[in-house]
Amino acid sequence: MVNFLLKIKNMLQWEYNNMRKLITFFCLLLIACAANGQSFKFAFVSDTHIGGKTAAEDLRRTVADINANSELKFVVITGDITEFGSDSEIGLAKQILDSLNKKWFIIPGNHDTNWSESGSNTFRRVFGAETFAFRYGGYLFTGLGSGPNMRMGPGQVPRENVVWLDSVLKATPTKIPVIYLNHYPQDSAQNNWYNVMDRLKKKNLQLILCGHGHQNHQYNFEGVPGIMGRSNLRAQDSIGGYNIVTFENNLASFQLRRPMVGTDNPWAKVALKQLPPEKDTAEFFRPSYAMNEKLEGVRPLWTFQDQSDIGSGMAESENAIILSNTKGLIYALNKRSGKRLWTFATGGKVYSTAVVSKNFVVAGSSDQYIYCLSAISGKLIWKFATSKAVVGSPVIQDDVVFSGSSDGHFRAIELKTGKLKWDFDEVAGFVVTRPLIYRGIIYFGCWNNDFYALDIQSGRMVWKWNNGAGNRMLSPAACYPVATNGRVFVVAPDRYMTAFDASSGKVIWRKQDVKLRVRESMGLSSDSLLIYVKTMDGNLLGISASAPEMEVAWKSALQLPYELCPSAIVEDKGVVYVPSQSGVVYGIDRISGTVTWKYKVSNCLVNPVLPSGNQVYVSATDGAVVCLIRTAITNGNKDALKRKKKSL
């Protein structure tokens with residue numbers, strides 16, 4: 001009897017398992033049929049650049065045109081919504097897009113994030129998110145925002161967006177076809193494209209849509225069909241345009257639509273199908289970390305991976321280094337182990353590099369506060385309210401904190417009490433730089449082509465200079481100015497280097513050289529004889545600090561590819577530390593200019609480096625952090641030791 005019952009049980013279990021498999025099969029079949037059988041149309045809009053001369057009119061015309069077309073089921077908008085990422089531009093874009101009579105989905109591009117006075121918080125607040133995921137017609141449409149965020153460099157999907165994508169894909173059945181949207185083409189134009197591609201290709205990825213290039217173009221991204229959509233701007237034409245996309249019979253077709261004028265014949269057709277499994281992923285380019293396998297001069301002590309972007313440098317207290325991230329955290333890592341010691345949460349993304357004085361840590365946040373914390377515990381000591389985001393970095397001297405913000409103010413605040421000492425309220429643009437203090441004057445630039453010099457005691461303006469550019473993107477705002485020999489030096493995206501008389505603001509020399517395309521990365525040598533500059537062509541130069549004209553007095557053997565990383569150059573103990581946009585930090589011998597070592601921390605832009613004794617702390621914008629130990633003495637240090645011995 002027992003055996004008979006067991007047989008019945010096994011038979012029922014077999015029938016149950018088969019029924020489950022049959023139900024699963026039919027569900028997947030229904031999903032596939034739904035995707036293959038449904039036909040629908042949607043609008044694909046990109047690069048509206050609100051803030052441009054005709055941008056608002058062009059977008060209003062497109063919105064009206066989309067509203068008049070009942071066949072369009074939804075709208076996707078793939079980045080560069082604004083020209084400069086300003087709050088007013090974002091507000092105007094939202095106002096126009098709210099006129100759409102159908103659902104619309106939006107992601108930011110580099111113009112919305114690189115020059116954002118709010119630290120990209122306004123985009124997230126106004127539009128609700130920097131990402132989207134929705135299903136329609138059996139397809140999953142998912143879009144991720146892209147930077148660079150607050151720093152010039154290649155495109156980058158923020159680390160927190162990648163983490164978010166993991167959660168979306170985890171909840172997505174393998175057979176569901178996926179359409180991915182991003183502002184950038186999915187190639188090396190975006191320095192972490194492979195992180196996203198490798199995730200998506202584990203699913204049923206069938207099509208990629210992007211913008212950025214302002215023209216209709218068909219791509220193949222590692223075997224995945226890709227379409228770049230044109231800019232909505234009219235440019236040299238009399239009217240702008242967008243794309244109407246039709247999904248029908250396993251085919252996506254793209255038609256240029258000129259609002260209120262007409263629709264062209266399809267300019268591209270893409271088969272929508274499950275792609276075959278990759279035979280060999282090695283056929284696709286991936287960044288190499290081989291340089292880290294044979295290190296000379298340094299070795300890693302510990303590494304740390306943040307789950308958000310890091311868009312700032314580091315500071316150090318007695319036992320810790322202080323970092324911040326775009327999740328809004330200010331936190332401390334143990335110098336020796338890399339273990340987190342404490343964390344303080346602000347209400348907005350943090351791009352401000354913290355500064356430490358005694359046991360005080362000070363940093364600004366895009367939540368419109370400047371914070372002072374205990375360096376030991378991370379507990380709040382005081383916070384100072386501003387009326388807009390604080391994305392610049394503070395400096396401290398004589399127990400006074402100096403910080404610019406996005407509200408047109410530059411302030412001096414008492415370190416111990418958080419009380420305002422003075423307030424200069426005539427800044428024309430927002431401040432992202434770290435100010436420079438030199439001979440009783442504090443210097444800083446802003447994103448309105450102005451450079452200011454204020455009396456450090458009173459906040460009175462000593463002098464102001466404007467570079468005369470018609471485009472605020474050419475401002476001397478992102479560089480960390482340096483000073484020596486009675487001069488102040490800046491570089492800017494207009495590719496000029498300028499030397500001022502520190503007291504009067506008189507321009508001593510100002511030069512743009514097509515062979516020496518400086519941009520935003522600079523630093524001062526330890527002996528104050530050289531101003532280090534990195535060119536867009538990948539050269540590291542030392543400009544004479546005392547010559548009557550721009551004079552190259554030193555050149556390193558370092559040769560990088562096209563280079564935009566704005567992070568400051570630092571010299572310490574005979575080593576010049578050079579951050580790059582490809583995730584590599586270089587150690588250059590000060591005397592000979594040779595590359596003594598290099599280390600790849602990630603494939604994303606390197607933030608300002610922090611040398612400390614025999615250790616070097618390096619972070620990248622994708623949240624990768626490493627502590628390097630210097631294991632060899634450089635030629636520069638050897639020479640210095642020889643000179644010291646002779647003098648004795």
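## Largest pocket

The largest pocket of this predicted model has a volume of about 530 Å³. It is lined by 23 residues, of which Arg434, Tyr480, Val570, Val609 and Leu610 are the closest to its centre. By class, the lining comprises 17 nonpolar, three polar and three charged residues.

Four strands, E15 (315-316), E35 (518-524), E39 (570-572) and E43 (610-612), each contribute at least two lining residues. The largest share, three residues, belongs to E35.

## A four-stranded sheet

Strand E15 also takes part in an open sheet of four strands, in the order E15-E16-E17-E18 with antiparallel pairing. E15 and E18 (340-345) are the edge strands and have a single partner each, so one side of each is left without a neighbour in the sheet.

Within this sheet, E16 (residues 320-324) and E17 (residues 329-334) run antiparallel and are joined by five bridges. Ile321 stands opposite Leu333 in E17.

## Salt bridges

The model contains 27 salt bridges. In one of them, the closest N and O atoms of Glu71 and Lys41 are 3.4 Å apart. Glu71 lies in the loop between H2 and E2, and Lys41 in E1, 30 residues apart. Glu71 is partly exposed at 44% relative accessibility, and Lys41 is partly exposed at 24%.

Arg472 and Glu89 form another salt bridge, with closest N and O atoms 2.9 Å apart; these residues are separated by 383 residues in the chain. Glu89 is buried, at 7% relative accessible area, whereas Arg472 is partly exposed, at 31%.

Glu117 forms a salt bridge with Lys388. Both residues lie in loops, so the pair ties together parts 271 residues apart in sequence.

Technical notes. Residues are numbered from 1 along each chain as its sequence is written. This is a predicted model: local features need pLDDT of at least 70, side-chain atom pairs count only at pLDDT 80 or more; totals for chains, interfaces and linings use all residues. Side-chain values use heavy atoms; hydrogens and water are left out. On a 1 Å grid over the protein atoms alone, a cavity is a set of points where a 1.4 Å probe fits but cannot get out, and a pocket is an open set with protein on both sides within 12 Å along at least five of seven lines; lining residues have an atom within 4 Å of a point. Grid points are joined across faces, edges and corners, and a volume is the space filled by probe spheres set on the points. Ala, Val, Leu, Ile, Met, Phe, Trp, Tyr, Cys and Pro count as nonpolar, Asp, Glu, Lys and Arg as charged, and the others, Gly among them, as polar. Two strands pair if DSSP finds at least two bridges between them. A salt bridge is a side-chain nitrogen of Lys or Arg within 4 Å of a carboxyl oxygen of Asp or Glu. Buried means under 20% relative accessible area, exposed over 50%, partly exposed in between (1.4 Å probe, protein chains only).
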